[in-house]
Amino acid sequence: QVQLQESGPGLVKPSQTLSLTCTVSGGSITTSYYYWSWIRQPPGKGLEWMGAIRYSGSTYYSPSLKSRTSISRDTSKNQFTLQLSSVTPEDTAVYYCAREPEGWKATYDYWGQGTQVTVSS
């Protein structure tokens, strides 16, 4: 059973960088053929895919967030990390990490429970 757990600060000040970590257990993030994704849901809005890191280490980003987003991984800890720079209150959301089997086209088989991040001074 694969489990994902998000961690990071719940409150970030405007203009700072938001950093979240997803710790994966029950499966390796280097195992073929999966994408490990970050998805968020602002209050009252739908889910927004932010980006992903493939089992190979390749990264992919939403065009609308690409200039502010970086996803990396630490294979020794079986973790992957999201960094979102220059945050504004519009980045307030519940942030999820999830696993997408290759070919499933934005369908995810495992999710973290989500973590609330509020951007406020």
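Strands here are DSSP runs of E with at least two residues, numbered from the N terminus. The model shown is predicted.

**View 1. Ser-86 sits in the loop between β8 and β9.** Ser-86 is not a glycine, yet its phi is positive, at about 50°. Its relative accessible area is 42%, so Ser-86 counts as partly exposed; that class lies between the cut-offs of 20% and 50%.

**View 2. Asn-78 lies in the loop between β7 (69-74) and β8 (79-84).** Here too a residue other than glycine has a positive phi: the value for Asn-78 is near 55°. Is Asn-78 buried or exposed? Asn-78 is buried, because its relative accessibility is 14% and buried means under 20%.

**View 3. A cis peptide bond runs from Ser-32 to Tyr-33.** Omega of this bond is near -10°. Tyr-33 belongs to the loop between β3 and β4.

**View 4. Tyr-33 and Tyr-55 belong to the aromatic pairs.** Rings of Phe, Tyr and Trp pair if their centres lie within 6.5 Å. The count by this rule is seven aromatic pairs. For Tyr-33 and Tyr-55, the ring centres are 5.3 Å apart and the planes stand at 85°, so this pair is edge-to-face; the cut-off for that class is over 60 degrees. Which parts does the pair tie together? Tyr-33 is in the loop between β3 (18-25) and β4 (34-41), and Tyr-55 is in the loop between β5 (48-54) and β6 (59-61), so the pair links parts that are 22 residues apart in sequence. Tyr-55 has 15% relative accessibility and therefore counts as buried.

**View 5. Tyr-96 and Trp-111 form an edge-to-face pair.** Their ring centres are 5.6 Å apart, with the planes at 85°, so edge-to-face is the class. Tyr-96 is in strand β9 (residues 93-101) and Trp-111 in strand β10 (residues 110-111), so the pair ties together parts 15 residues apart in sequence. Tyr-96 is buried, because its relative accessibility is 18%. Trp-111 is at 35% relative accessibility and so is partly exposed.

**View 6. Tyr-34, Trp-36, Trp-38 and Phe-80 make up one aromatic cluster.** Where does Arg-99 lie? Arg-99 is over the face of Tyr-34, a member of that cluster. The distance from the ring centre is 3.6 Å.

Technical notes: Residues are numbered from 1 along each chain as its sequence is written. This is a predicted model: local features need pLDDT of at least 70, side-chain atom pairs count only at pLDDT 80 or more; totals for chains, interfaces and linings use all residues. Side-chain values use heavy atoms; hydrogens and water are left out. Rings of Phe, Tyr and Trp (its six-membered ring) pair if their centres lie within 6.5 Å; planes under 30 degrees apart count as stacked, over 60 as edge-to-face and the rest as tilted. Helices (H or I, at least four residues) and strands (E, at least two) are DSSP runs, numbered from the N terminus. Buried means under 20% relative accessible area, exposed over 50%, partly exposed in between (1.4 Å probe, protein chains only). A charge sits over a ring if NZ of Lys or CZ of Arg is within 6 Å of the ring centre and within 35 degrees of the ring normal.
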